[in-house]
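Let's walk through this one together, starting with the terms and then moving from the chain as a whole to its cavities and charged pairs. Have a look at the structure first.

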Amino acid sequence: MATFLYKLGRLSFRRRRYVALLWVLLLGGIGYASSAAPAPPADSFSMPGTDSQKAFDLLDERFPAASAEGATARVVIRAPEGEKITDPAAKAEVNQLVAALGKGPQVAGVADPFKANAVSKDGTTAYASVTYKVISTELTDKTHDTLTDATDKTRAEGFTVETGGDAVQAEQEMGGSAELIGIAVSAVVLVITFGSLIAAGLPLLTAIIGVGIGVSGIAALGSVLNLSGTTSTLAMMIGLAVGIDYALFIVSRYRAEIAEGREPEEAAGRATGTAGSAVVFAGLTVIVALAGLSVVNIPMLTKMGLAAAATVAIAVLIALTMIPALLGFAGRRALRRKDRKNLKSADSTDSGATKARGLTKPGATHSTTNAENAKPNLGTRWARLVLRRPVIVLLIGVLGLGAVAVPATSLELGLPDEGTSAPDTTQRKAYDLLSESFGAGFNGPLMVTVDTGGTKGAAAAAKTVGTSLAKVDGVAAVTPASVNPAGDTAIITVVPTTGPSDHRTEELVKTIRSKASGLEADTKSDVLVTGQTAMTIDFSQTLDDALLPYLGLVVGLAFLLLMLVFRSVLVPLKAALGFLLSVAAALGAVVAVFQWGWLADIVGVDQPGPIMSMMPIFMIGVVFGLAMDYEVFLVTRMREAYVHGARPAEAVVTGFKHGGRVVGAAAVIMISVFSGFIMENDDMIKMMGFGLAIAVFFDAFVVRMAIVPAVLALLGKAAWWLPRWLDKLLPDMDVEGEKLHKSLTPSSSPAAEDEHADKDGDNDEEERELEPVRG
């Protein structure tokens with residue numbers, strides 16, 4: 001692996017113009033294809049195999065005129081103070097509103113509240129249901145304007161009019177700037193990390209190109225593969241973060257190789273061979289985690305996961321080819337100006353020494369003296385601190401994350417509804433008016449379908465079913481059945497006594513479904529429950545059922561990948577356990593903010609409520625992939641040092657010396673990218689951004705930076721243990737570059753002898769000091 005990537009890096013360096021041109025042409029070609037492609041399809045939500053989806057498909061087939069897939073709007077009208085909606089003048093005004101709504105474009109029908117029994121018992125409030133021929137994303141501006149104008153006119157007459165439903169256009173707030181915020185913060189971190197505008201610009205440039213290709217590809221294939229516009233959201237979020245990080249690691253390694261006196265082409269090859277190997281395996285873990293979302297069997301999640309996985313694959317390819325090509329253009333200018341001056345000074349000094357010794361080949365260690373005299377960096381000092389007190393660091397890290405994870409024990413799952421909207425929105429006001437006047441269950445009615453299998457008699461069967469369901473505890477009302485023209489299918493609306501997010505409503509759905517088998521036998525028909533509330537319940541159940549298989553698949557495959565990388569059993573096991581700890585803490589933080597309302601104003605949470613059902617499985621997938629990124633980048637450097645002769649504690653220090661600063665910078669960049677999405681208006685994107693940002697913080701700075709070195713210190717050589725039979729069975733991928741190191745460093749060279757002497761002799765005393773005390 002390392003040797004192949006070394007050759008690829010050198011080839012890209014030498015053919016830099018062709019490589020850079022190829023990627024630019026690819027971006028331009030795919031960008032043009034996306035602009036010429038048909039508009040992506042609208043978002044569609046389905047859950048194959050569930051009762052609610054079966055009923056929904058049945059309604060779409062048997063009641064085409066009802067526009068089962070069409071958008072809906074629920075217009076709630078309350079009479080002025082002291083009046084009733086049934087008064088002649090008020091009734092006339094409501095009739096005018098209904099007529100105006102019915103004349104709107106794309107309208108399939110409007111239910112008259114006086115004919116549909118949609119007037120409250122106290123006579124003050126009524127609601128009209130508007131059904132459209134198309135889904136919400138296909139509604140035109142004229143349609144929205146007609147709805148708004150009609151309600152505004154009635155409101156001007158002194159009535160309280162509020163509107164809910166997916167046909168209502170959400171108020172536009174700050175959004176769409178998440179990427180710019182993430183890029184801006186990333187640029188600052190890169191400049192501080194590298195001290196060079198050129199070096200800082202390379203990861204940003206390649207990440208933008210990679211995300212551009214990925215998102216444009218999704219848009220170009222949208223109509224062919226049925227990829228909606230929101231499919232690219234996750235791809236953009238993950239692609240931008242990992243694209244910057246992968247390039248950052250290779251550029252950082254290149255600078256280290258240049259600082260050791262190697263020529264730019266050789267440095268690019270070695271950087272790609274070593275850091276590039278870590279990039280490949282880190283990318284594979286992310287791809288496995290994202291592609292694994294397919295096992296959930298929810299098409300929307302599958303498409304999002306595969307699209308994001310493809311974007312990560314593009315980021316890996318760009319890091320391995322375009323970064324070495326751009327380094328060919330940058331050369332030594334990727335270093336800080338001070339480092340370039342020191343390098344020139346060292347070159348002139350070493351040139352005289354080389355001539356005096358009769359050597360003509362440039363050495364690889366002629367800046368060693370400066371490195372030895374340099375003050376230990378922060379990573380080195382931190383690693384030594386952890387090695388001296390591993391038990392204390394381990395306890396603080398584990399107990400701290402455990403405390404943060406406590407709120408996750410009260411996790412409540414659901415999907416956002418209008419009851420969780422901001423209090424000042426018309427959707428929330430409509431929701432509250434309905435709850436106050438009709439009962440909370442009117443905001444989440446259940447639709448029960450009765451199918452007689454193509455024979456007439458649905459009306460009689462539905463009457464029997466309705467009479468039985470009206471006696472069930474938790475049912476507030478059952479409306480008369482609506483029968484299709486063929487007479488073989490009927491719809492019954494069941495109104496619960498509790499709201500759509502109440503757990504008692506979920507129990508009611510289960511009760512109705514349990515009674516369905518008996519009703520089916522009595523009426524010789526199929527009885528199914530659907531509606532938005534039932535769909536939400538089935539969605540949560542589908543995710544719950546898929547959680548353990550998904551976790552086993554992702555962790556199992558990633559465990560095998562990490563065994564290939566580290567040639568160890570305990571290191572991958574420790575990595576997996578650390579991930580579980582960080583994702584539990586992240587879920588705890590999400591519950592505290594979005595469900596309990598802690599820091600809600602700061603984060604921008606309008607109304608605390610249940611956590612989205614997909615959040616746990618989504619976080620497990622994405623966070624696992626990202627967590628393994630830092631594990632691979634940090635521990636690979638430790639493994640490299642250990643393979644090349646360093647003792648276990650010395651290897652830990654070496655890993656932090658060379659990788660601590662870069663991993664910290666990479667984590668800050670990824671956190672900034674995800675945090676930018678917290679400012680989006682979409683509740684789902686906001687929660688995803690916060691969850692991923694806090695998860696990366698916990699995993700990078702607590703698990704990988706503190707718990708990992710503490711565990712490695714306690715394990716010592718046992719950390720790198722691998723059974724002999726397994727060692728023979730696993731292919732040697734040479735991720736740490738041992739074979740590459742041997743092929744590029746002749747044993748007879750003075751430089752190699754000096755390096756070997758340093759590793760085996762000079763650090764022995766320091767090594768003994770760093771070895772933790774074992775009781």
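Helices (H or I, at least four residues) and strands (E, at least two) are DSSP runs here, numbered from the N terminus. What you have is a predicted model, so local features need pLDDT of at least 70 and side-chain atom pairs count only at pLDDT 80 or more, while totals for chains, interfaces and linings use all residues. Residues are numbered from 1 along each chain as its sequence is written, and side-chain values use heavy atoms, with hydrogens and water left out.

The protein chain has 28 helices and 11 strands. Of its 775 residues, 53% are buried, where buried means under 20% relative accessible area, exposed over 50%, and partly exposed in between (1.4 Å probe, protein chains only). Take contacts (heavy atoms within 4.5 Å) with a separation of 6 or more: residues 24 or more positions apart account for 80% of them.

A cavity is a set of points on a 1 Å grid over the protein atoms alone where a 1.4 Å probe fits but cannot get out, and its lining residues have an atom within 4 Å of a point. Which helices each supply at least two residues of its lining? They are H7 (197-220), H9 (231-259) and H11 (299-330). Among the lining residues are Thr 206, Gly 239 and Ile 318. The lining divides into 5 nonpolar, 5 polar and no charged residues, with Ala, Val, Leu, Ile, Met, Phe, Trp, Tyr, Cys and Pro counted as nonpolar, Asp, Glu, Lys and Arg as charged, and the others, Gly among them, as polar.

On to the charged pairs. With a salt bridge taken as a side-chain nitrogen of Lys or Arg within 4 Å of a carboxyl oxygen of Asp or Glu, the count comes to 22. In one of them, Glu 266 pairs with Arg 10, the closest N and O atoms being 3.0 Å apart. Glu 266 lies in helix H10 (residues 264-291) and Arg 10 in helix H1 (residues 2-14), so the pair ties together parts that are 256 residues apart in sequence. Glu 266 is buried at 16% relative accessibility, whereas Arg 10 is partly exposed at 24%. Both belong to a salt-bridge network that also links Arg 14, Glu 265 and Arg 270.

Technical notes
On a 1 Å grid over the protein atoms alone, a cavity is a set of points where a 1.4 Å probe fits but cannot get out, and a pocket is an open set with protein on both sides within 12 Å along at least five of seven lines; lining residues have an atom within 4 Å of a point.
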